[in-house]
Amino acid sequence: MNEIAVVDLGISNVKSVSKAIQHVGGEANLVDSCESIKHAKKIILPGVGAFDEAMSRLKKLDLIEILNEKALLQKVPILGICLGYQLMSNGSEEGNSSGLAWVDSETVSLKKLIDNNTFKCPHMGWNSIDWINSEEQEFLNKGIRTPSRFYFVHSYIPVFRDRSLVKGVTNYGKDLDVCFRAENLFGTQFHPEKSHVYGLQLLKNFCEII
């Protein structure tokens with residue numbers, strides 16, 4: 001099933017995600033209502049911008065209940081990208097809103113976390129990722145070597161209590177949790193849609209998850 005529902009909150013570059021999905025043979029459908037998400041079999045939650053604004057838009061569009069149903073009850077595969085990855089956490093130091101709390105993680109300030117003037121914040125550019133805890137063949141890194149390079153733009157980053165959920169780390173002043181899997185839920189702090197060959201392979205892997 002290569003049909004992907006891409007959640008459009010009006011603050012994300014959903015066109016680049018949609019084009020990347022189409023490039024790897026998937027069909028991307030932009031969705032922004034309960035009705036348009038109701039029958040989705042796979043979902044991408046992209047995001048660029050502020051945590052509180054994104055949560056506010058999810059509430060205004062009345063999408064939280066249907067997304068919770070898809071994520072936690074129907075167990076459909078959902079991929080969070082960048083801010084979408086952070087929205088899956090309990091909350092963020094960037095704002096005051098609670099997150100979706102699909103996984104037990106907290107989104108923290110990257111500047112405070114690395115505490116090192118050598119590394120600029122926001123973290124912007126290419127970084128190498130080491131894949132860990134990812135023996136399962138259906139995982140997103142199938143066919144992608146370790147280490148591999150992906151593109152980042154972020155000032156905040158989730159930190160996971162359950163280290164077994166972390167599937168990819170990058171070193172930027174310290175090791176950062178940049179990819180996770182928890183059953184049907186996946187997330188990347190980096191932007192696969194901007195990461196050329198490896199990013200396209202990752203999105204292809206997500207499209208092909210059964």
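Biologist: What percentage of the 210 residues in the protein are buried?
Modeller: Buried residues make up 53% of the 210. Here buried means under 20% relative accessible area, exposed means over 50%, and partly exposed is in between (1.4 Å probe, protein chains only). Keep in mind that this is a predicted model: local features need pLDDT of at least 70, side-chain atom pairs count only at pLDDT 80 or more, and totals for chains, interfaces and linings use all residues. Residues are numbered from 1 along each chain as its sequence is written, and side-chain values use heavy atoms, leaving out hydrogens and water.

Biologist: Thanks! How many helices and strands does the protein have?
Modeller: There are seven helices and eleven strands. They are DSSP runs numbered from the N terminus: helices are H or I with at least four residues, strands are E with at least two.

Biologist: And what is the order of the strands in the open sheet?
Modeller: Nine strands line up as β2-β1-β3-β4-β11-β10-β9-β6-β7, with mixed pairing. Two strands count as paired if DSSP finds at least two bridges between them.

Biologist: Which strands stand at the edges?
Modeller: β2 and β7 do, and each has a single partner strand, so one side of each is left without a neighbour in the sheet. From one strand to the next, the twist averages 30°. For angles, axes are lines fitted to C-alpha atoms (for helices, over the stretch in contact), and values run from 0 to 180 degrees between N-to-C directions.

Biologist: Let's zoom in on β1. Is β1 mostly covered or mostly open?
Modeller: Mostly covered, since four of the five residues in β1 are buried. β1 pairs with β2 in the parallel sense over five bridges, and two bridges join β1 to β3, also running parallel.

Biologist: New topic: which residues touch the most other members of the largest nonpolar core?
Modeller: Among its 34 residues, Ile44, Trp131 and Phe190 do. A nonpolar core is a set of buried Ala, Val, Leu, Ile, Met, Phe, Trp, Tyr and Cys residues joined through side-chain atoms within 4.5 Å. Several elements supply at least two residues of this core each, including β1, α1, β6 and α7.

Biologist: What does Ile44 touch?
Modeller: Not counting residues up to four places away in sequence, Ile44 touches several residues, including Val6, Val17, Leu79 and Phe206. There is also a second, separate core of 33 residues, with Ala5, Leu9, Ala71 and Val166 among them.

Biologist: What is the phi of Asp62?
Modeller: Positive, about 60°, although Asp62 is not a glycine. Asp62 is in the loop between α3 and α4 and is partly exposed, with a relative accessible area of 49%.

Biologist: How about Cys82, is it buried or exposed?
Modeller: Cys82 is buried, with a relative accessible area of 6%. Its phi is near 55°, a positive value in a residue other than glycine, and its place is in the loop between β4 and α5.

Biologist: Last one: which strand holds Ser105?
Modeller: Ser105 lies in β5 (residues 105–109). At 1% relative accessibility, Ser105 counts as buried. Leaving aside neighbours within four places in sequence, its contacts include Ser89, Asn90, Pro158 and Phe160.

How values were computed:
Contact = heavy atoms within 4.5 Å.
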